[in-house]
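Look over the sequence and the model shown here. Then read on for a short tour, from a single charged pair to the sheet and the core.

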Amino acid sequence: EHLSRCCQTASRQGAMCVVLRTSSEASVAGLVAQILARNDRQTLLLDLNLLPEDLTLVCVLVTGALREVRMRGAGLLLSGAGAVRDSRPHVLAFLESRLARHTGPVLMVIARHLPVVRLSNLPHVVLEVPSDVVHIGTRLFYQQVGALGVEESVDIARLAQRYPLQHAHV
């Protein structure tokens, strides 16, 4: 509910960064996409860990991603900022420079054990994502797969991580 309200506020008042602190960065992406969809927005995930080392390519990819976000009216979901902050601060610096003119929600997923990353030119809201919310997808998978009678050798936790379910899919 808090995340939904923050996204609505960002839609009305301009760019803001919503930092989602969680025990599992990967599991939150589906939740964010579902919430943004309720607000008639698509989600574009930009994993900063996957950006190349070459700063020129980083600039091209980040600029392209932000253009896509603007054209679609999508929400931007950033992951990997915690790891990139120390190892490649130039990536965050370039991103900050490009977000100066951005409008709409910017969501950043960060592991709970890492310090919050702040993009200096945006107002921030920090939300703690409860662990039970993160593990909904795994529980749904266990329920659905258990009803199908799948072999015990199947790694259900891995499937749940790879193909996250939301309540709407069940």
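## A charged pair across the fold

E53 and R88 form a salt bridge, with their closest N and O atoms 3.3 Å apart. A salt bridge here is a side-chain nitrogen of Lys or Arg within 4 Å of a carboxyl oxygen of Asp or Glu. E53 lies in the loop between strand 2 and helix 3, and R88 in the loop between helix 4 and helix 5, so the pair ties together parts that are 35 residues apart in sequence. Helices (H or I, at least four residues) and strands (E, at least two) are DSSP runs, numbered from the N terminus.

This is a predicted model, in which local features need pLDDT of at least 70 and side-chain atom pairs count only at pLDDT 80 or more, while totals for chains, interfaces and linings use all residues. Residues are numbered from 1 along each chain as its sequence is written, and side-chain values use heavy atoms, leaving out hydrogens and water.

Is E53 buried or exposed? E53 counts as exposed, at 62% relative accessibility. R88 counts as buried, at 7%. Buried means under 20% relative accessible area, exposed means over 50%, and partly exposed lies in between (1.4 Å probe, protein chains only).

## Other salt bridges

The structure holds 5 salt bridges. Three of them are listed below.

| Pair | Closest N to O distance |
|---|---|
| E53 and R88 | 3.3 Å |
| R85 and D86 | 3.9 Å |

R85 is partly exposed at 21% relative accessibility. D86 is exposed, at 63%. E128 lies in strand 5 and R112 in the loop between strand 4 and strand 5, so this pair links parts 16 residues apart in sequence. E128 is partly exposed at 48%, and R112 is partly exposed at 28%. Salt bridges with shared partners join R21, R112 and E128 into one network.

## The overall plan

How many helices and strands does the protein have? The protein has 8 helices and 5 strands. Along the sequence, the pattern reads α-β-α-β-α-β-α-α-β-β-α-α-α. Of the 170 residues, 42% are buried. The protein exposes about 9,400 Å², and carbon and sulfur atoms supply 54% of that area. Such areas come from the Shrake-Rupley method with a 1.4 Å probe; for residues, only the protein chains shown count as cover.

Contacts also span the sequence. Among contacts between residues at least 6 apart, 75% join residues at least 24 apart. Contact means heavy atoms within 4.5 Å.

The 5 strands form an open sheet in the order 2-3-4-1-5, with parallel pairing. Two strands pair if DSSP finds at least two bridges between them. Strand 2 and strand 5 (124–128) stand at the edges with a single partner strand each, so one side of each has no neighbour in the sheet. From one strand to the next, the twist averages 20 degrees.

Strand 1 pairs with strand 4 in the parallel sense over 7 bridges. In that pairing, V18 stands opposite L107. Strand 1 also pairs with strand 5, in the parallel sense over 5 bridges. There, C17 has H124 as its bridge partner.

Strand 1 is largely enclosed by the rest of the structure, because 7 of its 7 residues are buried. M16, V18, L20 and T22 point one way, while C17, V19 and R21 point the other way.

Strand 2 and strand 3 pair in the parallel sense over 5 bridges. L46 stands opposite L78 in strand 3. Helix 3 packs on the sheet and touches strand 2 and strand 3. The direction of helix 3 makes about 165 degrees with that of strand 2. For such angles, axes are lines fitted to C-alpha atoms, for helices over the stretch in contact, and values run from 0 to 180 degrees between N-to-C directions.

## The cores

Which residues have the most contacts inside the largest nonpolar core? They are L46, L48, L76, L78 and L119, in a core of 26 residues. A nonpolar core is a set of buried Ala, Val, Leu, Ile, Met, Phe, Trp, Tyr and Cys residues joined through side-chain atoms within 4.5 Å. Elements that each supply at least two residues of this core include strand 1 (16–22), helix 3 (55–72) and helix 5 (89–99). Apart from this core lies another, of 10 residues, among them L20, V32, L36 and L77.

In helix 5, V91, L92, F94, L95, E96 and L99 are buried. Their cover includes helix 3, strand 3, helix 4 and strand 4.
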